[in-house]
Amino acid sequence: MALNKITLGLIGVGIAGLIGGAYYVGAKQSAKSAAPVVQQLSAGPIKSGAQPSAGHPAMPGNAMAAAPAAAPEQQGKVQTDPNAKFTHFRVGNRNVKSILMDGKLVWVGTSGGVVRYDTTTDEYRLFDTRNGLLSNGIFHVTKLDGKIMAGTYGGGMSLYDEKQDKWENFNIPDGLGDAFVYGVLKASNGDVWVATWSGANRIRGGALKDKSKWDLYTVENTKGGLPNDWVYGLAEGKNGEMWLATEGGLARYKDGKWDNWNHAKGLGADYEIVKNDIKFNNDPAQQSAHHARQKEEMGLQGITVAYNPNYIISMVVDDKGTVWAGTWGGGLASFDGKKWRNYTVADGLPGNHVFMLHRDDKGVLWIGTNEGLARRDGDKFTVLTTANGLFSNTVFSMATGPNGEQWIGSYGGVTHFKQKAQ
């Protein structure tokens, strides 16, 4: 497939002038020899009201207070080629960590704010700290009770009311466990769960404005049932149980009871299996006391490359109730409630750092890695890379549209496949 030469700025010519420095939750494709620096999540300015807790990863420079040198355009229109098989949308020196399809609209969460893109008119609008968000760094975009919910880096979670054109922010004083929010999920029983740096919130009945309804689960108050306070993802199981992805393994909450699994219990491939395929020689544990402590607790302190099979950085649950977990260097793991199975480069995956998992409307599992995107076909994998049209081989996010078209987020840009990628 010939590479489409039309490359577009999702938020116009000003996109490259957003906050300098990317935030990292994975590999920077343009510097494969460098390790992914997980703690360096540059998100730009944080407004008054954001409450990052002590011990969080530091932002580079004075990003906590400084405004962007050149303010990006906040709305406009881009030109696309309707006959092209795919289009690239550039987002500059930043990651696209979350993409949400909402009818004709695509919401793109980046380290420079949230972009709303209208697929029918090609019009865009950028939401950032200038119009209501407390932080420009976006980890997660979802829909909650008809409103857009953004989980941010250091600014809590923000709920957008389109009719009022206004963001409502929820932070630590409201009951939030931490201002770093990695995921938000409304369960079938009406409870809202929030994944944060410092544990998992459950808001009973989804009563966000009633602080008495906010619970916080941590390693301490669950007596180790939650294996690690860094909760990176959430998924509801087939029988209403809540699955939580953490830096210390997989946790399950059901009827007030906690269970958990880590590498010692089968999660992630052994180092001997993947060591020749680890692309990052500089481990974040060498630069962050937090990550170093986690590796030591897991008995991995002797391994100095980017490998921690206990660290789950992506997760989905399929219709059968099987949990799929993407690990930090330990490949893709599946768990049926009793047995684990691990898939690695040796099984056909393009990479062993699994940053993204997405199930499309047909139930097909897509796996975003540090070396490309894979589609699971039974126990085999079909791999897509830049040679097939991806903007970058480092894939962080994905969404599927109603007619099967796909939006794939990576470091530096978004790929829109107008027909389902084969």
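1. Setting aside neighbours within four places in sequence, asparagine 262 is in contact (heavy atoms within 4.5 Å) with Gly248, Gly249, Leu267, Met298 and Asn310. Asparagine 262 sits in the loop between strand E18 (257-261) and helix H1 (271-274); helices (H or I, at least four residues) and strands (E, at least two) are DSSP runs, numbered from the N terminus. The relative accessible area of asparagine 262 is 19%. Asparagine 262 therefore counts as buried, since buried means under 20%, exposed over 50%, and partly exposed in between (1.4 Å probe, protein chains only).

2. The model is predicted: local features need pLDDT of at least 70, side-chain atom pairs count only at pLDDT 80 or more, and totals for chains, interfaces and linings use all residues. Residues are numbered from 1 along each chain as its sequence is written, and side-chain values use heavy atoms, with hydrogens and water left out.

3. The protein chain as a whole comes next. Its secondary structure comes to two helices and 28 strands. The chain has 422 residues, and 61% of them count as buried. Take the contacts in the chain between residues at least 6 apart in sequence: 53% of these join residues at least 24 apart. The accessible surface comes to about 16500 Å², and carbon and sulfur atoms account for 46% of that area (Shrake-Rupley method, 1.4 Å probe; for residues, only the protein chains shown count as cover).

4. The largest pocket has a volume of about 1200 Å³. On a 1 Å grid over the protein atoms alone, a pocket is an open set of points with protein on both sides within 12 Å along at least five of seven lines, whereas a cavity is a set where a 1.4 Å probe fits but cannot get out; lining residues have an atom within 4 Å of a point. Points are joined across faces, edges and corners, and the volume is the space filled by probe spheres set on them.

5. Which residues lie nearest the centre of the largest pocket? They are His140, Met315, Val316, Leu357 and His358, out of 40 lining residues. Strands E3 (86-102), E7 (138-144), E11 (181-186), E15 (231-236), E19 (308-317), E23 (354-359) and E27 (395-400) each supply at least two residues of this lining. E7 has the largest share, six residues. By class, the lining has 22 nonpolar, 10 polar and eight charged residues, where Ala, Val, Leu, Ile, Met, Phe, Trp, Tyr, Cys and Pro count as nonpolar, Asp, Glu, Lys and Arg as charged, and the others, Gly among them, as polar.

6. The second largest pocket has a volume of about 210 Å³. Its lining has 16 residues, and Thr119, Glu405, Trp407, His416 and Lys418 are the closest to its centre. Two or more lining residues come from each of E3 and strand E28 (406-417). E3 gives the most, with three residues. The lining divides into six nonpolar, six polar and four charged residues.

7. Arginine 359 lies in strand E23. With a relative accessible area of 24%, arginine 359 is partly exposed. Beyond four places in sequence, arginine 359 touches Val316, Val317, Asp318, Asp319, Val364 and Leu365. The side chains of arginine 359 and aspartate 319 make a polar contact at 3.3 Å. Such a contact is a pair of N or O atoms within 3.5 Å; within protein, one must be able to donate a hydrogen and the other to accept it, and residues adjacent in sequence count only if both atoms are side-chain atoms. Arginine 359 and methionine 398 are 39 residues apart in sequence, and their C-alpha atoms are 9.2 Å apart in space.

8. Is asparagine 352 buried or exposed? At 1% relative accessibility, asparagine 352 counts as buried. Asparagine 352 is placed in the loop between strand E22 (340-343) and E23. A polar atom of its side chain lies 2.9 Å from the backbone nitrogen of valine 345. The contacts of asparagine 352 beyond four places in sequence include Val274, Asp277, Trp328, Thr344 and Asn370.

9. Glycine 156 is in the loop between strand E8 (147-152) and strand E9 (157-161), and is buried, with a relative accessible area of 0%. Among the residues that glycine 156 touches beyond four places in sequence are Ala150, Phe170, Leu176 and Val181.

10. Two loop residues have positive phi values. Phi of lysine 223, a residue other than glycine, is near 55°. Lysine 223 is found in the loop between strand E14 (214-217) and E15, and is exposed at 79% relative accessible area. Phi of aspartate 255 is also positive, near 55°. Aspartate 255 is in the loop between strand E17 (249-254) and E18, and counts as exposed at 72%.
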